[in-house]
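This briefing is written for a reader who is meeting the structure for the first time. Please look through the sequence and the model below before reading on.

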Amino acid sequence: MSKEKNKAIVRRLWEAENERNLALLDELIAPDYVDSAFQFTGLEEYKQMQIMSIAAFPDFHETIEDIVAEGDKVCVHFKVTGTHTGEYRGFPLPSGKKITLAPTGKKFTITCSLIWRIVDGKIAEKESAVYDWMDFHKQLGIIEYTEKAKKLFPEDVS
Amino acid sequence: MSLEENKAIIRKGIEAVNERNLALLDELMASDFFDHTLQTRGLEGAKQVYALFFKGFPDFHMAIEDIVAEGDKVWVRLKSTGTHTGEFYLPTPSGKMMTLAPTGKKITIKSVNIRRVVEGKIIEGWNVTDSLDLLKELGVIEYKRFPDEKVS
């Protein structure tokens, strides 16, 4: 597969997710997909994650800012915007415990960078994911500055 | 320049930081390097940020986990680690600098740096940085308690 074909597959994944067309994922993602970033396997599990995201952030939209490919890899730099108006299931606390986060109504924008591997025209693996979690959790209001931080920069902490 | 030559420039830049040889960055980066994420221009500013990390984390080290190139772009995925044994100056949300006394904590920062290399020089960049662990370990942020939430 050429690099351009591999990039086209990843661009179609973005379109499918933005259009909530989960049926199209069957064409784009390998059944034995491996998510090395979030530590799970399988296309069905990938779809479940999408369903959870749609439930939590019904208006979420992903915009590709940059995409490059080399060999079997496709790297995507993108921005996600959305509003947390639904239940956010499986939110991992630092302790490892997963909770359901009730809707906060907060709007967010986050930047992310993913590296995918394409094999025989299908997305075979998400090799890595870097998200600006700090920014995301701050916008949702689920982390806050500590007493120490409030003393260090009181002008920034209300 | 070939993809491998562009990657070699990025690798040299990372090595220069790990060896505390910031002078070498003058050869690798354009003096008017533009950081699109921070919206800052200038190599000197970029060097100052590294100097702050060296002071706060004398053992600061960047490990290349992956490197990918196409056209004039090089993507490098990094895992940076360090131990907070020196004073660290952290920009506050309003852009002031706060001083964090050493905590002795070990930190990890995951990032993807995207760089454009033109005629052998790094001219501009974009970053995605996961600084959650850094700020948590330094005791600047904490998670709210969720007593009323259902555990799934």
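A residue is called buried if 20 or more other C-beta atoms lie within 10 Å of its own, exposed if 12 or fewer do, and partly exposed in between, with C-beta atoms placed from the backbone. A nonpolar core is then a set of buried Ala, Val, Leu, Ile, Met, Phe, Trp, Tyr and Cys residues joined through C-beta atoms within 7 Å. This is a predicted model, in which local features need pLDDT of at least 70 and side-chain atom pairs count only at pLDDT 80 or more, while totals for chains, interfaces and linings use all residues. Residues are numbered from 1 along each chain as its sequence is written, and chains are lettered from A and ligands numbered from 1 in the order in which they are written.

**Nonpolar cores**

- The largest nonpolar core has 30 residues, of which Val74(A), Cys75(A), Ile123(A), Val74(B) and Trp75(B) touch the most other members.
- Strand β7 of chain A, residues 107–119, gives this core its largest share, 4 residues; strands (E, at least two residues) and helices (H or I, at least four) are DSSP runs, numbered from the N terminus.
- Another core, of 10 residues, lies apart from it and includes Ile143(A), Leu152(A), Ile107(B) and Ile141(B).
- Leaving aside residues up to four places away in sequence, Cys75(A) touches Ile67(A), Val68(A), Ser113(A), Ile115(A), Val68(B) and Trp75(B), where contact means C-beta atoms, placed from the backbone, within 7 Å.

**Chain A**

- Chain A has 5 helices and 9 strands, and buried residues make up 23% of its 158 residues.
- Along its principal axes, the C-alpha trace of chain A spans about 55 × 30 × 25 Å.

**Strand pairing around β8(A)**

- Strands β7(A) and β8(A) run antiparallel and are joined by 8 bridges, whereas β1 (residues 29–35) and β8 (residues 122–131) of chain A run parallel with 3 bridges; two strands pair if DSSP finds at least two bridges between them.
- Glu125(A) in β8(A) is the bridge partner of Val34(A) and also of Arg117(A).
- The hairpin of β7(A) and β8(A) has 2 residues between the strands, and there Asp120(A) takes a positive phi near 50°.

**Contact between the chains**

- The contact takes 39 residues from chain A and 35 residues from chain B.
- Across the two chains, β9 of chain A (residues 143–145) and β9(B) pair in the antiparallel sense over 3 bridges, with Glu142(B) as the bridge partner of Glu144(A).

Terms used. Contact = placed C-beta atoms within 7 Å.
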